[in-house]
Amino acid sequence: KRAPMKCIVLLVSFWALSSCVQEEENIQTESKDWSMDHSVDFNKELHEREELAIEIYLAHHKDLKMISTGSGLRYQLAKNRIGVGDMARIGDLVSVDLGIELLDGRVCYKTDSIPDQFVLGLSNEESGLHEVLQLMKANEKARIIVPSYLAHGLLGDSEQIPPQSILLIDVELLSLNQ
């Protein structure tokens, strides 16, 4: 009586193990199906969606007369602020006041009483911020729209900025040391 029971237990165990192996093989096959073409298509679609969202935002905020750069960054320098000295360059230590929000108005970050300082081009700040600062002189202010690929990308910053977020940044270049 015990021998048939052992056979049943062995058969059930073998069946359970083989189904786990089959599931793992299916997962590996599915992941192999994701190709470079899928990545390119995904990125194109994400870019198109973000461009549309930015265009809709600008259509509703006609007071913003933004200049678009080749990278997709949009910026507008404040007209009432005259910059001093040379434009910022990579390697300069910059001191800035920042306000970062999402296009829907949710505030993500705002500089407190102490300005943010970082080395231009050599820090973890959004690459769109580095780009616009190179178009600015000390004492200038700008408002920029930064697509996710020039900000925190597919993952966000895991704190205040969600994945795939377009950012609206108000930046004032307080000073720079060249």
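Predicted model: local features only at pLDDT ≥ 70, side-chain atom pairs only at ≥ 80, totals over all residues.
Where is the place of Trp34? Trp34 sits in the loop between α1 (2–33) and α2.

**Helix α2**
- Helix α2 covers residues 36–60, and its 25 residues should span 36 Å at 1.5 Å a residue; the end C-alpha atoms are 36 Å apart, so expectation and model agree.
- Leu46, Glu50, Ile54, Tyr57 and Leu58 are the buried residues of α2.
- The cover over these buried residues includes β2 (74–77), β8 (141–146) and β9 (167–177).

**Salt bridges around Arg74**
- Five salt bridges are found in the structure, and Glu51, Glu55 and Arg74 are linked in a network of them.
- Arg74 pairs with Glu51, their closest N and O atoms being 2.8 Å apart. Arg74 belongs to strand β2 and Glu51 to helix α2, so this pair ties together parts that are 23 residues apart in sequence.
- Arg74 also forms a salt bridge with Glu55, at 2.9 Å from N to O. This pair too links distant parts of the chain, with Arg74 in strand β2 and Glu55 in helix α2, 19 residues apart.
- Arg74 has a relative accessible area of 6%, under the 20% cut-off, so Arg74 counts as buried. Glu55, at 42% relative accessibility, is partly exposed.

**Another salt bridge**
- Asp104 and Arg106 join their side chains in a salt bridge of 2.9 Å, N to O.
- Arg106 is partly exposed, with 49% relative accessibility.

**Surface patch**

Terms used:
Residues numbered from 1 in each chain as written. Heavy atoms only, no water. Helix = DSSP H or I, 4+ residues; strand = E, 2+ residues; numbered from the N terminus. Expected span 1.5 Å × (residues − 1). Buried < 20%, exposed > 50% of the residue type's maximum accessible area, 1.4 Å probe, protein only. Contact = heavy atoms within 4.5 Å. Salt bridge = Lys/Arg side-chain N within 4 Å of Asp/Glu carboxyl O.
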